[in-house]
Amino acid sequence: APFSGFHFSLILLCTLVAIVDGFDTTALGVIAPTVALDWGLSLPAFAPALSASLVGMALGGAVGGMLGDRLGRRPIMISMFLIVMAATFASGFAQDIQQLEILRLLTGFGIGGTIPLGAARVAEYMPKKRRSFLLVVMFSGHALGGTLAGLLAPVLIDTFGWQSVFFAGGIAPALLAVALFGRLPESARF
């Protein structure tokens, strides 16, 4: 099929999800020095919280893929994205490193589920001639989101405090979730 408005909408949504996920993946890494200073901790104390995101991503990828294949990719992708939203926003209220570790695990879990489900959607629906390129575009969104976190964090921290980076990372998915509910199609097999 020729590239259409439907395809544009789908690639835009999935790329925006990847951008938000990249922002949320990188958020703790860019604000850790400020949080460490605020909580009186050394930077190595953040290693478990940073690793928790990666463990969560591995678990989320496995669980999200399995559930998406059984129950439908649309509802599972949206559910996983809501987990990212809630856990990232809640990270702004963390009072200690243990709470942050749990919230980062949950954030990673949601991210691990959304990225492969978004990629599956792009691979299913994109015209064959442009499929590979558009998958690269979607995955590049993750790196772009991480870059945005690095660029925006200093401004947010100086203006509103380190918590605002997590709040921004939670509010953006909330706005995008509305678009996902309205515009994200289900996989053809469902």
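Reply: Two terms before we start. Contact means heavy atoms within 4.5 Å. Helices (H or I, at least four residues) are DSSP runs, numbered from the N terminus. The model is predicted: local features need pLDDT of at least 70, side-chain atom pairs count only at pLDDT 80 or more, and totals for chains, interfaces and linings use all residues. Residues are numbered from 1 along each chain as its sequence is written, and side-chain values use heavy atoms, with hydrogens and water left out.

Me: Which helices do the buried residues of H3 pack against?
Reply: Buried means under 20% relative accessible area (1.4 Å probe, protein chains only). In H3 the buried residues include Arg73, Met77, Phe81 and Ser91. The buried set packs against H1, H2, H4 and helix H6 (163-183).

Me: How far does H3 reach from its first C-alpha to its last?
Reply: The expected span of a helix is 1.5 Å times one less than its number of residues. H3 has 19 residues, and 27 Å is expected. Its reach is close to that, at 27 Å.

Me: How far apart are the end C-alpha atoms of H2?
Reply: H2 covers residues 47-71 and has 25 residues. At 1.5 Å a residue it should span 36 Å. The end C-alpha atoms agree with that, at 35 Å.

Me: Which residue follows H2, and what is its phi?
Reply: The buried residues of H2 include Gly56, Gly60, Gly64 and Gly68. After the helix comes Gly72. Its phi is positive, near 115°.

Me: Are H1 and H4 roughly parallel or roughly antiparallel?
Reply: Axes are lines fitted to C-alpha atoms over the stretch in contact, with angles from 0 to 180 degrees between N-to-C directions. The axes of H1 (residues 5-39) and H4 (residues 97-125) come within 10 Å and cross at roughly 160°. Angles over 145 degrees count as roughly antiparallel, under 35 as roughly parallel. That makes the pair roughly antiparallel.

Me: Is Thr15 buried or exposed?
Reply: Thr15 lies in H1. It touches Val137, Met138 and Gly141, not counting residues up to four places away in sequence. With a relative accessible area of 14%, Thr15 is buried.

Me: How far apart in space are Leu135 and Ile115?
Reply: Leu135 is found in helix H5 (residues 131-160). It touches Ala119, Val122 and Ala123, not counting residues up to four places away in sequence. Leu135 and Ile115 are 20 residues apart in sequence. Their C-alpha to C-alpha distance is 11 Å.

Definitions and conventions. Helices (H or I, at least four residues) and strands (E, at least two) are DSSP runs, numbered from the N terminus. Angles under 35 degrees count as roughly parallel, over 145 as roughly antiparallel, 65 to 115 as roughly perpendicular and the rest as oblique. Buried means under 20% relative accessible area, exposed over 50%, partly exposed in between (1.4 Å probe, protein chains only).
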